[in-house]
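Please consider the sequence and the structure shown below. The paragraphs that follow lead through selected features in turn.

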Amino acid sequence: HINKIKAVYKERCTAMLSCIKEFFPKNINYSLPEGGLFIWIELPESVDSGELFVKCLENNVAFVPGAPFFPNGTKKNTLRLNYSNMPKEKIIEGMKLMGEVLHRELEKETTLL
């Protein structure tokens with residue numbers, strides 16, 4: 001069972017990483033997991049992932065904002081994506097939607113500057 005689930009998680013992780021490259025803005029940073037079930041995203045400093053979370057929920061996509069992982073919630077521009085609990089097709093669909101939200105929100109940020 002362990003070998004089977006490892007293969008499933010690897011496929012999902014690879015799909016999510018491919019979607020990040022294809023659908024997300026290029027000015028973000030992300031982890032390349034060597035294990036575990038998550039991909040860590042770092043957005044431009046001006047982006048609050050808590051606010052982004054609300055926008056993504058409006059589009060039926062969820063993630064974990066990163067601020068609670070830092071003392072005093074100091075890094076608001078981070079988030080964690082989980083690839084363990086959705087099938088590959090749903091991951092691709094969700095990542096595409098999230099990419100659209102990210103592009104819209106980051107465009108707003110640049111027009112405000």
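**Salt bridges and their surroundings**

The count comes to three salt bridges, a salt bridge being a side-chain nitrogen of Lys or Arg within 4 Å of a carboxyl oxygen of Asp or Glu. The model is predicted: local features need pLDDT of at least 70, side-chain atom pairs count only at pLDDT 80 or more, and totals for chains, interfaces and linings use all residues. Residues are numbered from 1 along each chain as its sequence is written, and side-chain values use heavy atoms, with hydrogens and water left out.

Helices (H or I, at least four residues) and strands (E, at least two) are DSSP runs, numbered from the N terminus.

Glu 42, Glu 45 and Lys 75 are linked in a network of salt bridges. Between Glu 42 and Lys 75 the closest N and O atoms are 3.5 Å apart. Glu 42 belongs to strand E2, whereas Lys 75 is in the loop between E3 and E4, 33 residues apart. Lys 75 also meets Glu 45, at 3.6 Å from N to O.

E1 and strand E2 (residues 38-42) run antiparallel and are joined by two bridges; two strands pair if DSSP finds at least two bridges between them. The open sheet has four strands in the order E1-E2-E4-E3, with antiparallel pairing.
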